[in-house]
Amino acid sequence: MAICDHDERMLSTMQDEPLSLATILRHAMTSKADAEVATWTGSEVRRMTFGEMGRQAGRLANALRELGVEQTDRVGTFMWNNNEHFVAYNAIPAMGSVLHALNIRLFPEQLTFVANHAEDKVVIVDGSLLPLFGPLLPGLKSVQHVIVANGDASALEAPAGVSVHSYDDLLAAQSEDFDFPVVDERMAAAMCYTSGTTGDPKGVAYSHRSSVLHSMQVCTSDGMGLSERDNTLVIVPMFHANAWGLPYAALMCGASLLMPDRFLQPEPILAMMQAEQPTFAAAVPTIWTGVLGQLAAHPQDITHLRSVIVGGSAVPPAMMKAFDDKHGVPILHAWGMTETSPLGSVAHPPSRVPQDEVWDYRISQGQFAASVQARLLDDDGNVMPHDGESLGELEVKGPWIASSYYSADGVAVEPEKFHHGWLRTGDVGKITANGYLTLVDRSKDVIKSGGEWISSVDLENAVMSHSDVVEAAVIGVPDDAWDERPLVAVVLHEGASADAEALRASLATTFAKWQLPERWVFISEVPKTSVGKFDKKVIRAQYADGQLDVVTLAGPTRP
Ligand code: ADP
């Protein structure tokens with residue numbers, strides 16, 4: 001029975017209160033005032049309660065207003081994960097302006113492009129990053145003010161038209177009272193640019209609405225399950241998809257935050273873990289590979305970690321197993337993108353599956369959140385069934401998924417990525433009937449050999465399960481007979497002796513003969529992108545330039 005027809009719409013009786021980061025900040029400053037953000041200094045932490053953070057956010061908002069920052073103006077940050085960055089994270093959106101966390105590891109030309117594209121009016125810079133930032137400043141066309149935190153502002157030479165301020169002096173002169181406005185929930189709150197793994201950085205502008213809804217998802221027990229009981233080690237940089245949404249989610253639930261600042265090597269990470277006993281941590285797989293290596297040489301109890309979120313690229317199952325078996329720490333695999341805020345899916349295994357199937361669920365990219373819809377399209381645009389076998393390019397839609405890239409001049413940026421209301425992810429995978437995603441590859445990385453596909457990720461995971469291997473990256477290289485063949489770039493443990501023949505032999509039970517790679521190269525480290533993913537663009541270029549010393553075994557013969 002129809003409740004209403006098209007002419008007589010029945011509106012709800014509910015309040016239309018906008019979702020707002022200002023509301024969440026006010027909640028954190030009062031109800032969660034005792035939660036803490038702490039920054040590692042190399043030997044101890046600098047602590048600040050959420051109450052104090054809120055007062056500092058008030059001072060920063062007043063200071064920015066005085067410098068002429070209006071609603072929707074962009075304020076860039078060029079900072080490590082630390083207390084001051086967290087203050088800026090909260091003050092800027094809550095005052096109605098737009099936070100733009102700049103990726104400090106982009107190439108200088110990319111950074112200049114990104115800051116100019118976003119038209120950042122003010123940039124807050126960490127003192128330790130001035131040697132990187134200073135040379136960029138003359139090229140940043142829209143920047144009027146630079147605020148130097150944790151360092152000496154007088155060390156920065158300002159070009160004409162740019163004023164430089166000390167963060168401490170600026171805030172000391174301000175009142176902590178600021179009436180954070182609740183703006184239209186669809187207004188931009190924060191921006192991130194993609195890290196450019198597969199092309200130029202593109203801007204995503206998150207709204208207050210998307211940020212609040214996404215934070216709720218991070219806090220749900222079947223999302224990341226972040227809660228007031230957690231002390232959260234945020235290794236993923238605050239410029240990488242807003243540190244996977246953890247800072248705003250922590251504000252919402254009152255989880256404490258542990259910030260590594262510039263101490264991102266395995267040794268200091270373990271030292272800060274020992275000192276602060278975090279219960280929750282988040283970082284890309286390459287960080288955890290390093291931590292595992294360090295733990296092998298210097299054993300340490302890390303069972304205080306009840307959950308470690310890993311995503312950004314596929315988690316090698318061997319690494320997940322090592323954390324389980326050797327350290328009693330569960331890795332929770334998650335999938336997402338800058339364009340998806342980033343949380344799309346999380347690999348909690350369903351409680352009602354037999355024990356021997358649990359692992360298959362854990363190593364998958366996980367189940368989509370209730371508000372995230374997903375579909376797979378084949379090369380001809382047909383929607384593929386969710387049967388756990390059919391492959392296609394993943395498209396997603398939902399309230400915290402981008403519907404376009406930011407464009408200042410109204411000219412659409414890569415409009416082909418947006419397809420009838422869906423975001424094309426560029427990821428190729430399959431989905432089970434109960435909504436679990438398994439990615440096979442990025443469409444640009446998949447190797448097409450003799451008309452058939454080889455997953456570079458499957459090969460990498462298998463090679464990395466060999467006990468002599470630290471890490472391995474696989475790319476497709478041109479081949480006369482097969483169009484394309486896999487090349488494996490391997491890093492061996494110090495003193496390990498496995499050669500190409502032995503490594504290939506170890507793959508023989510998992511892969512078909514024609515999939516077994518014949519090209520191998522032994523390197524000292526896999527090149528990484530600005531956010532710590534394998535940088536296959538660099539390996540491809542090195543191969544094309546003849547820089548790699550390739551060992552070539554006998555290849556497969558044509559059937
Ligand atoms: P960039 O596109 O510049 O690398 P992002 O961090 O937004 O920056 O990258 C998103 C991409 O990272 C996804 O499209 C996917 O290819 C990859 N990715 C993220 N999480 C996972 C995961 N758990 N498993 C495999 N790939 C992942």
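This is a predicted model: local features need pLDDT of at least 70, side-chain atom pairs count only at pLDDT 80 or more; totals for chains, interfaces and linings use all residues.
1. Numbering starts from 1 along each chain as its sequence is written, and side-chain values use heavy atoms, with hydrogens and water left out.

2. The sheet is open and has four strands, ordered S25-S26-S27-S28, with mixed pairing. Strands here are DSSP runs of E, at least two residues, and helices are runs of H or I, at least four, numbered from the N terminus; two strands pair if DSSP finds at least two bridges between them. At the edges sit S25 (469-479) and S28 (551-552), each pairing on one side only.

3. S26 (residues 483-492) and S27 (residues 519-522) run parallel, joined by four bridges. Val-488 has Trp-520 in S27 as its bridge partner.

4. Two helices pack on this sheet. H15 (residues 500-507) touches S25, S26, S27 and S28, and its direction makes about 125° with that of S27. H16 (residues 536-544) touches S25, S26 and S27, at about 55° to the direction of S25. Contact means heavy atoms within 4.5 Å; axes are lines fitted to C-alpha atoms, for helices over the stretch in contact, and angles run from 0 to 180 degrees between N-to-C directions.

5. Now Ser-256, in strand S11 (residues 256-259). Ser-256 counts as buried because its relative accessibility is 17%, with the cut-off for buried being under 20% relative accessible area (1.4 Å probe, protein chains only). A polar atom of the Ser-256 side chain lies 3.0 Å from the backbone nitrogen of Glu-36. Leaving aside residues up to four places away in sequence, Ser-256 touches Ala-35, Glu-36, Asp-230, Asn-231 and Thr-232.

Definitions and conventions: Buried means under 20% relative accessible area, exposed over 50%, partly exposed in between (1.4 Å probe, protein chains only). A polar contact is a pair of N or O atoms within 3.5 Å; within protein, one must be able to donate a hydrogen and the other to accept it, and residues adjacent in sequence count only if both atoms are side-chain atoms.
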